[in-house]
Amino acid sequence: MSNPLQKHLQNGFADFDGLRISGTIPLREDLVNQLIADVLQSGLPTPSATPEAKIDPNPLLQRVKSARVRFEAGRAVLDFEVGV
Amino acid sequence: MRHLADQIQSGDFSSLAGARLDLSVPIKEEHLLRAAQEATSRGGPARVTGLRVHANNQVEMHLEVEKWGFKQSLSTVLEVERNLGFPHAPRLVLWLPPAQAWLGGVLQVLSGTFGLGAGVLHAKGRQITLDFAAGAPDDNARALLKAVKWAEIDSREGRLILNARLEMDEDEVATPKDFL
């Protein structure tokens, strides 16, 4: 079953002109390592058994207005802002 | 990022433990109309034929009710309560105009035919309440509701604006095992 969010992610939330999301996400070590692995493998297709059921975050990433990583109490924290 | 997105889609919010998000989501009246029409197009006697969003949280709605050979067009202006009751009692409260308080009883009777689940809609006098917890379509939605700490609705001509804060508590964040 397709995720209703998927359609909006795919078109970069074009139906939500004026959308603003800002926030802070603590970055877990395994997530950072996964992100590095994704970057190192960029250009290669991501294997997926059911690709149509997966969320592609790239259109949303193109809407990122600012992103900053800082270190707080021994862990990395991502501050970001997304706007449409 | 794909890994994170896939985790979230599968109901695993553990990667977001400790995260805080502030959202401002504009919802166009044509999307609200489409959602209302979809909800009322499942064989029930009521059909939403028009919807306009005005300032000051006023929503103008046009309905057509057809039952037992009786067909009636109705128009009403609902006032949308700003506060959505998070985190303790998440719900959307709509107020009917005083002269149309009787419509609440009709809506309560028809709620089953609006495609809403049991306990989602409650009407009492002028007040119509939609219970988000009872209406959550799946476990992901319920996990997200848990994360909403504050939310309110504002309006401009032609659109509603949902403002919300989500906090993924480190000791409460949902993972797939919560849904077993």
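## The sheet in chain B

Strand 5 and strand 7 of chain B run antiparallel and are joined by five bridges. Here strands are DSSP runs of E with at least two residues, helices are runs of H or I with at least four residues, and both are numbered from the N terminus. Two strands count as paired if DSSP finds at least two bridges between them. This is a predicted model, so local features need pLDDT of at least 70 and side-chain atom pairs count only at pLDDT 80 or more, while totals for chains, interfaces and linings use all residues. Residues are numbered from 1 along each chain as its sequence is written, chains are lettered from A and ligands numbered from 1 in the order written, and side-chain values use heavy atoms, with hydrogens and water left out.

## Who pairs with whom

B:Trp95 is a handy landmark. Its bridge partner in strand 7 of chain B is B:Gln127, and B:Glu79 stands opposite B:Trp95 in strand 5. Strand 4 (residues 70-80) and strand 5 (residues 91-95) of chain B are antiparallel and share two bridges.

One of the pairs puts B:His122 against B:Thr129 in strand 7 of chain B.

## Chain B overall

Chain B has five helices and nine strands, running α-β-α-β-β-β-β-α-β-β-α-α-β-β from the N terminus on. Of its 180 residues, 42% are buried, meaning under 20% relative accessible area, with exposed over 50% and partly exposed in between (1.4 Å probe, protein chains only).

Helix 2 (residues 29-39) of chain B has B:Glu29, B:His31 and B:Ala36 as its buried residues. They lie on the same side of helix 2 of chain B, because they cover an arc of only 160° around the axis; the arc is that of the directions from the helix axis to the C-beta atoms. These buried residues of helix 2 pack against strand 1 (20-28), strand 2 and strand 9 (159-167) of chain B.

## Two buried polar residues

B:Ser155 is in strand 8 (residues 148-156) of chain B and is buried, with a relative accessible area of 4%. Its side chain has a polar atom 2.6 Å from the backbone oxygen of B:His54, and the side chain of B:Ser155 also reaches the backbone nitrogen of B:Asn57 at 2.8 Å.

A:Thr24, in strand 1 (residues 20-27) of chain A, is buried too, at 13% relative accessible area. A polar contact of 2.9 Å joins its side chain to that of A:Asp79. (A polar contact is a pair of N or O atoms within 3.5 Å; within protein, one must be able to donate a hydrogen and the other to accept it, and residues adjacent in sequence count only if both atoms are side-chain atoms.) Leaving aside neighbours within four places in sequence, A:Thr24 is in contact (heavy atoms within 4.5 Å) with residues including B:Gly18, B:Ala19 and B:Arg20.
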